[in-house]
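Hi,

Here is the structure I said I would pass on. Have a look at it first, and then read my notes below.

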Amino acid sequence: MTLISTRRRPGPGALTVLAVADSVERVRLSVAMLDRLSWPGTTVGLVVVRTGSTPSPARIREETEGTGQAGLRVPVLTTRQTRRLVRRRRPDAVLLNCSGPLVESLSWSLRSVFRRYRPVVASALPALSVPAVEGEWLHRSRVDLVVAHSHREVADYRALGEKLGTRGEVGLSSLPLGAREADQGAGRNRVVYAAHPGTPDTEQGRRHLLLALSELAAKRPDLEVVVHLGREKNASPELMATWHTLLAEGKVGDRAPNFRSGPLADQLNRARGLVAAGSTAVLEALTHRVPALVLTEFGVGPRQGNAVFEDSGLFGTLADVRAARFRRPNRDWGERNHFHPPAHEDWVERLHNLHARALRGELS
């Protein structure tokens, strides 16, 4: 049986925490959460459940670099092996940072199969979980602690939980968005479009977007226009197919956007502004103090990943792209949506308190 790799922080009152992830994004979130579990005596570890979106060992190593899990072996297990591992190692708490159905399956077995041993079960919501979705709560109906990433998410999911009659607590954490960087003034000459899979979802929409970016590149030779495709080169195949069609039709000239892949942070170091239909790319840009523009032409809602940006002051159009107009968010919106002070985060304290309750036999 494959064993979990863990790293112990010395101190009294040992506590063991196992994080379970099933995708690149959730591996990134899990290692960030494990790094926040810094009270003395804590032992933490990470496993990845094998699914259709399982990251490669190289990607797992990449996501753990610079964290407390760096250099440790991260096993990739089936759901059955994961359950067996928990039974064998008996961690005090399990962080199920997985898809909703997998959270439901694993949390049910953790709370109903084991006798005498009762771990605290926690689960982080997906990024940008606004508006609150009933299905996400129902998948977590047997979770002790749901971890949200903004004051707005906490309020919305607590209200929804009361409506549904669920008993889990909701705690506040934050998304791993990278360190804040100082403004670089005139050195910022890059405009970045962060591609989001499935948006725009029509050929016409993709053409309008790429032509607007090409027009900006042609009008402003002082700017480097970059289309960021994601960490993988083939992350946005529809967008690239539309671009090759425009090239074949002669619709774009010599001054055209550059297409790049890899970490978004690499493109933000000299960015004057970021354009996106939505997604966490906007939050990452704002964290790096890069102004942003959230496009509304392709719809506003959870599917586009931009519902959270309503009332932020960031919404704009392709006309703003052509004019290189970017915006900074409203302060009140920022504090309610992902940019709260670190002192407001309470999920670690809640996890610790739940563990104390579990030791007293107070968790059902």
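What follows is a quick tour of a strand, a helix and a loop residue.

Keep in mind that this is a predicted model.

Let's start with strand β6, residues 120–124, where 5 of the 5 residues are buried. In a regular strand the side chains alternate between the two faces of the sheet. Here both faces are covered: Val120, Ala122 and Ala124 are buried on one side, and Val121 and Ser123 are buried on the other.

As for its partners, β6 pairs in the parallel sense with strand β5 (residues 93–97) over 3 bridges, and Leu95 sits opposite Ala122. Strand β7 (residues 145–148) also runs parallel to β6, joined by 3 bridges, with Val147 of β7 opposite Ala124. Together with helix α5 (residues 134–139), β6 and β7 form a right-handed β-α-β unit.

Next, helix α7, which covers residues 203–219. Buried residues in α7 include Arg206, Leu209, Leu210, Leu213 and Leu216. What do the buried residues of α7 pack against? Their neighbours are β9 (190–194), β10 (224–228), α8 (237–248), β11 (258–260), β13 (292–295) and α11 (318–322).

Last, look at the loop between β10 and α8, where you'll find Ser236. Is Ser236 buried or exposed? Its relative accessibility is 6%, so Ser236 counts as buried. Leaving aside residues up to four places away in sequence, Ser236 touches Ala195 and Leu229.

Cheers

Methods:
Residues numbered from 1 in each chain as written. Predicted model: local features only at pLDDT ≥ 70, side-chain atom pairs only at ≥ 80, totals over all residues. Heavy atoms only, no water. Buried < 20%, exposed > 50% of the residue type's maximum accessible area, 1.4 Å probe, protein only. Helix = DSSP H or I, 4+ residues; strand = E, 2+ residues; numbered from the N terminus. Contact = heavy atoms within 4.5 Å. Pairing = 2+ DSSP bridges. Right-handed = clockwise from strand over helix to strand, strands pointing away.
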